[in-house]
Amino acid sequence: MNTSPHPDTNFAAGGSAPDSMAPDTGKPGFGIYLHWPFCAAKCPYCDFNSHVRHAGIDQQAYVSAFQQEIAAMRLLSGPQVVTSIFFGGGTPSLMSPDTVGAILDAVRAAWVVPEGIEITLEANPSSVEAGRFRGYRQAGVNRVSMGVQALNDADLKRLGRLHDRAEALKAIGLARDIFPRMSFDLIYARPDQTADAWASELEEAISLAADHLSLYQLTIEEGTPFYGLHKAGKLIVPDGELSAELYELTRQVCERHGLPAYEVSNHARPGAESRHNLTYWRYGDYAGIGPGAHGRLSTKAGKIATATERTPEQWLKLVAENGHGMIETSELSATEQADELLLMGLRLREGIDLKRWRALSGRDLDRDRTDFLIHHGMIEQMGTDRIRCTPAGMLVLDAVVADLAI
């Protein structure tokens with residue numbers, strides 16, 4: 001087992017960024033995903049597993065449950081060298097620094113965690129203050145990803161965010177001062193948004209960003225308040241043509257400023273890509289821990305998909321009874337793994353390694369379908385053993401994947 005430091009250790013610990021994205025070696029790494037499911041309020045567009053608990057949270061009880069589930073995941077995964085850790089949610093910045101530190105200590109006790117690997121925590125500007133940020137940094141967090149979502153007060157209010165523009169700017173400034181690496185999210189294709197307004201907002205975002213931006217088109221998800229409003233005609237979002245224009249504009253502006261898209265919605269200076277997300281998209285293994293977390297683990301029996309109970313209180317109960325909150329541990333067939341590799345890998349600008357896909361699937365991609373997609377400008381071949389989506393193909397990624405997977 002390789003226990004050497006992660007190749008980007010110096011950068012993750014605060015050194016200078018490498019000149020280019022770490023190459024796809026076919027060994028994507030082993031990530032740890034930790035889901036903190038609580039939010040101060042539920043955003044009207046959000047369909048993530050997040051819950052509001054006005055009575056407060058017994059963080060120590062959740063620390064104990066995380067410790068138990070981490071131990072259970074270690075039994076499944078066996079010994080591993082961790083290449084990234086990610087606290088997602090929900091709103092992990094509602095956790096105390098002591099809670100973050102205790103959970104990280106449990107991860108370090110279970111697996112080998114080299115010094116300086118990427119450790120990310122998601123934060124909302126409304127739950128940020130300097131003391132807490134410094135506490136996270138002291139606990140070992142070296143990258144923060146903030147849910148800013150918009151840089152004007154009207155849209156922030158419409159999106160149901162609890163912070164305003166001033167709080168967002170303050171949080172971005174604090175993050176840049178305290179953490180070696182920082183990213184923030186924006187949502188575009190918002191109601192009434194024009195291309196000119198988005199271009200101006202994006203230029204400002206790039207001027208504030210350190211090295212990474214996540215830029216997502218607003219999607220109307222079933223079961224959210226926005227879904228009901230949209231269905232009733234009370235929420236009008238940009239049509240397909242304008243959405244495509246905004247996507248292309250996003251790609252062009254970011255590339256012009258040295259933050260090319262390395263994934264459908266993620267932009268970074270070369271070398272500053274999210275190591276943890278690359279593990280997902282390159283179809284690596286990761287342990288999903290906490291309420292509603294999903295994982296992919298390679299075991300002696302084969303690659304398995306794991307899922308935990310979504311409701312926090314029920315998850316706590318299951319952990320107390322069983323030592324973990326897992327409700328699914330299903331073995332993935334070779335075909336399922338190949339399809340997942342295709343689905344994840346084609347999100348990346350680098351595309352997928354066809355040798356790895358063939359090794360999983362036991363076959364070649366259908367030549368007629370591949371040629372059809374190439375002819376229509378949806379995918380392109382790079383050398384003999386790699387394909388990727390074109391920018392046009394990224395707009396209809398689900399359809400491209402479905403066509404290739406058949």
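Is Glu201 buried or exposed, and what is its relative accessible area? Glu201 is buried, with a relative accessible area of 8%, where buried denotes under 20% relative accessible area, exposed over 50% and partly exposed the range in between (1.4 Å probe, protein chains only).

The model is predicted, so local features were required to have pLDDT of at least 70 and side-chain atom pairs pLDDT 80 or more, whereas totals for chains, interfaces and linings use all residues. Residues are numbered from 1 along each chain as its sequence is written, and side-chain values use heavy atoms, with hydrogens and water left out.

A search of the whole structure finds 22 salt bridges, a salt bridge being a side-chain nitrogen of Lys or Arg within 4 Å of a carboxyl oxygen of Asp or Glu. One of these joins the side chains of Arg190 and Asp155, with an N to O distance of 2.9 Å. The two residues are 35 residues apart and belong to distant parts of the chain: Arg190 lies in the loop between strand E5 (181-188) and helix H7 (195-208), and Asp155 in helix H5 (residues 153-158). Helices (H or I, at least four residues) and strands (E, at least two) are DSSP runs, numbered from the N terminus. Arg190 is buried, at a relative accessible area of 1%, and Asp155 also counts as buried, at 13% relative accessibility. Arg190 forms a salt bridge with Glu201 as well, at 2.6 Å from N to O. This pair again links distant parts of the chain, 11 residues apart, with Glu201 in helix H7 and Arg190 in the loop between E5 and H7. The side chains of Asp353 and Lys355 meet in a further salt bridge, at 3.5 Å from N to O; Lys355 is partly exposed, at 47% relative accessibility. Salt bridges that share partners join Asp155, Arg190 and Glu201 into one network.

The domain assignment of the chain gives domain 1 (30-279) and domain 2 (334-405), the bounds coming from an automatic or database domain assignment. The C-alpha centres of domain 1 and domain 2 are 28 Å apart. Contact, defined as heavy atoms within 4.5 Å, involves 11 residues of domain 1 and seven residues of domain 2. Between them the two domains bury about 810 Å², 59% of it on carbon and sulfur atoms; buried area is the accessible area (1.4 Å probe) that two parts lose on being put together, summed over both. On the side of domain 1, Tyr247, Glu263 and Val264 lose the most area to domain 2, together 50% of what that side buries.

Two salt bridges are counted between domain 1 and domain 2. Arg349 forms a salt bridge with Glu255, in which the closest N and O atoms are 3.4 Å apart. Helix H9 (240-256) and strand E7 (261-263) each supply at least two residues of the side of domain 1 that touches domain 2. H9 gives the most to that side, with five residues.

Glu118 is placed in strand E3 (residues 118-123) and is buried, with a relative accessible area of 2%. A polar atom of the Glu118 side chain lies 2.9 Å from the backbone nitrogen of Arg275, and the backbone nitrogen of His276 lies 2.9 Å from a polar atom of the side chain of Glu118.

Arg296, in strand E10 (residues 294-299), counts as buried at 16% relative accessibility. The side chains of Arg296 and Glu340 are joined by a polar contact of 2.8 Å. With neighbours within four places in sequence left aside, the residues in contact with Arg296 include Gly284, Tyr286, Lys303 and Leu332.

Asp366 caps the N-terminal end of helix H14 (residues 367-375), with a side-chain oxygen 3.1 Å from the backbone nitrogen of Asp368. H14 is followed by Gly377, whose phi is positive, near 70°. Val396 lies in the loop between helix H15 (391-395) and helix H16 (397-405) and is partly exposed, at 38% relative accessibility. The C-alpha atoms of Val396 and Met378 are separated by 8.4 Å, the two residues being 18 residues apart along the chain.

How values were computed:
A polar contact is a pair of N or O atoms within 3.5 Å; within protein, one must be able to donate a hydrogen and the other to accept it, and residues adjacent in sequence count only if both atoms are side-chain atoms.
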